[in-house]
Amino acid sequence: MTCKQLSVFIENRKGTLSKVLNVLSKSGVSILSMSLADTTEYGLLRLIVNDPDTGKKELSNAGYSSLVSNVLVVKIPHVAGSLQELLEKVEKEDINIEYMYGLSIENDDAYVVFKPSDAEKTSELFEKDGIVTLTPEDLLKMKL
Amino acid sequence: MIWSEVETYSREKIEQIQLERLKETVKRVYEKVLPYRKKMDDAGVKPEDIKSLKDLSKLPFVTKQDLRDNYPFGLFAVPKEELVRIHASSGTTGKPTVVGYTQGDLDTWTECVSRIACMGGATKNDVSQICFGYGMFTGALGLHYGLENIGSTIVPSSTGNSEKQIMYMKDFETTLLVATPSYALRLAEIARSIGVDPTKDLKVKIALVGSELLTEAMREEIHKCWGEDVLVTSNYGMSELMGPGVSGECEYLDGMHINEDFFIPEIINSETGEVLPAGEQGELVITCIKKEGLPLIRYRTKDITRLIYEPCKCGRTFVRMENLSGRSDDMLKIRGVNVFPSQIEEVILSFNELGPHYEIVVEREGYLDKLTVKVELNVETDSFKELENIANSVKSKLRIVLGLDAKVTLVSPNTLQRFEGKAKRVKDLRSK
């Protein structure tokens, strides 16, 4: 199962990040996880939020370039080597991981956000192997 | 529709009118405008030396500096009491340039703009919304009187309060828009932001744009925003010469017809001042031959163009000037290379991934000039690769067009400055 991720193009200068966050907070969009990657001039803020579509709409109205895309939120055991094991499975199928970031860590398990080159194929692969991917509903239930 | 029969006169007849009016103007200016009389004396030329149109090249040039040196009324050919109107340029550097009109001048102006409005497709049935700033600037009142003269309904909405502008357009069913090219784009942007689609919800079918140069790419962009069936024509003028109405495009969009019974155009090499043969590109020089208040002779416009004498399909015989390729004083010299902002604009507008607004910054780093072009991102993406590809493609296209390396900076939509009057998109931060 895939979940929606909200990405925002932001210029790399003082104050832009807080302006974007302000738009989201005003529209009641809450952030479950985020990753911020940057170059010298601009960055991409990638967010897992409770309501990506509202976030996207409000950001567009405020004049930001944003995008909703599909990612996988994968549950892996919180033990050494489990992430590597997962990656090996993906690599064997010739799927590329464009980027990934952590979502949360519980006592026994951890969650990572995956952006594979082919989200559907990866999702099927995980399902077959009994690897748990979260649904948008699961995300909403997560207490962070 | 062709407004005046004069616009279709034979070359012979036009030149006859020009020579007659030129002789009269030179004589009058020599008698009444002391600074120009001195210039003529210094050049050793007398009014009676003007026997043919060719003799025009014997006369000295007038520049913007002459207007400043004789601020405010020193170059006027009539006593102040005969003036009925004064306009002035914005004067961003030092004193403004002041121009004055007699009643006869205003009538000439109205005639000139009426012709240009008709060339651009205007009729008495149009509702003309004038989105030029009213005031000392000649643009708004110039178009106002011309469009009113042909019987169209004027909505003098001026600039600013853009949301209300859209409301007027919708409620008054505006069919003709007068604006700078960049403000035309801005208005479309505002319309969309309040849920009005200019191509469906508005009735604008004619756009008379001026006061900034109109590149073909900009024309296309206006079509994209306002609809493919809108007739977008550019018109040309400057307050020193009269205001708008010196020339304008007809529906064939192949150069702007100059009102030759009022203005004689020449093209010169802007460095040597030498007159260039017909068809060559250079600086446009204009002589006013029917002005009373401020009859400038051989005024150097600093605009770069070319004259086209071949007959036009529209039936008008007046010479056409090619749409401007830049102004000699807009030209940037970057690392020894001549760059016109319009060249950069053409490149930017050729990318769908970018918005039409941009900013050009020139700085000096050490001993080197550095050119940065800021552009607004017009795509939604989650990929650095795509962002880099866009910036690199713009960069390599700029390198081909300019022969220069530029830094391309992508910024968020709606963050660069918008302009209601003339756009000021170039920031030259090099100390002069």
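**Notes on the two-chain model**

1. Contact between the chains. In this predicted model, 12 residues of chain B are in contact with 14 residues of chain A. On the side of chain B that touches chain A, the elements that give two or more residues are α10 (384-402) and β20 (407-411) of chain B, and the largest share, 3 residues, comes from β20(B). Sorted by class, that side of chain B has 6 nonpolar, 4 polar and 2 charged residues.

2. Overall form of chain A. Chain A has 5 helices and 6 strands, which follow one another along the sequence in the pattern β-α-β-β-α-β-α-β-β-α-α. Its radius of gyration is 16 Å, close to the 15 Å that the globule rule gives for 144 residues, so chain A is as compact as a globular protein of that length. Taken along the principal axes, the C-alpha atoms of chain A fill a box of roughly 45 × 35 × 25 Å. Of the 144 residues in chain A, buried residues make up 28%, and among its contacts with a separation of 6 or more, 68% are between residues 24 or more positions apart.

3. Overall form of chain B. In chain B there are 10 helices and 21 strands. The radius of gyration of chain B is 22 Å, close to the 22 Å that the globule rule gives for 432 residues, so chain B too is as compact as a globular protein of its length. The C-alpha trace of chain B spans about 75 × 55 × 40 Å along its principal axes. As for burial, 47% of the 432 residues of chain B count as buried, while residues 24 or more positions apart account for 68% of the chain B contacts with a separation of 6 or more.

4. A helix pair in chain B. Two packed helices are described by the angle between their axes and the distance between the axes. How do the axes of α8 (residues 216-226) and α9 (residues 341-349) of chain B cross? They come within 8 Å and cross at roughly 40°, and α8(B) and α9(B) are therefore oblique to each other, since an angle under 35 degrees would be needed for them to count as roughly parallel. The crossing of α8(B) and α9(B) is left-handed. In the contact itself, Ala217(B), Met218(B) and Glu221(B) from α8(B) meet Glu345(B), Glu346(B) and Leu349(B) from α9(B), which by class gives 3 nonpolar, no polar and 3 charged residues.

5. Val71(A). This residue has its place in strand β4 (residues 66-77) of chain A.

6. Ile131(A). The loop between α4 (119-128) and α5 (136-141) of chain A holds Ile131(A), which counts as partly exposed because 17 C-beta neighbours lie inside 10 Å. Beyond the neighbours within four places in sequence, Ile131(A) is in contact with Val74(A), Leu86(A) and Phe126(A). The C-alpha atoms of Ile131(A) and Val79(A), 52 residues apart along the chain, are separated by 15 Å.

7. Backbone geometry worth a look in chain B. Most residues other than glycine have a negative phi, and most peptide bonds are trans. The peptide bond from Tyr71(B) to Pro72(B), however, is cis, with omega near -10°, and Pro72(B) is found in the loop between α3 (64-69) and β1 (85-88) of chain B. Arg298(B), in the loop between β11 (282-288) and β12 (299-305) of chain B, has a positive phi near 50°, and with 23 C-beta neighbours inside 10 Å it counts as buried. Asn414(B) has a positive phi of about 60° although it is not a glycine; Asn414(B) has its place in the loop between β20 and β21 (426-428) of chain B and, with 15 C-beta neighbours inside 10 Å, counts as partly exposed.

How values were computed. Residues are numbered from 1 along each chain as its sequence is written. Chains are lettered from A and ligands numbered from 1 in the order in which they are written. This is a predicted model: local features need pLDDT of at least 70, side-chain atom pairs count only at pLDDT 80 or more; totals for chains, interfaces and linings use all residues. Two residues are in contact if their C-beta atoms, placed from the backbone, lie within 7 Å. Helices (H or I, at least four residues) and strands (E, at least two) are DSSP runs, numbered from the N terminus. Ala, Val, Leu, Ile, Met, Phe, Trp, Tyr, Cys and Pro count as nonpolar, Asp, Glu, Lys and Arg as charged, and the others, Gly among them, as polar. Axes are lines fitted to C-alpha atoms, for helices over the stretch in contact, and angles run from 0 to 180 degrees between N-to-C directions. Angles under 35 degrees count as roughly parallel, over 145 as roughly antiparallel, 65 to 115 as roughly perpendicular and the rest as oblique. A crossing is left-handed if the near helix is turned anticlockwise from the far one by less than a right angle, and right-handed if clockwise. The radius of gyration is taken over C-alpha atoms; the globule rule is 2.2 Å times the number of residues to the power 0.38. A residue is buried if 20 or more other C-beta atoms lie within 10 Å of its own, exposed if 12 or fewer, and partly exposed in between; C-beta atoms are placed from the backbone.
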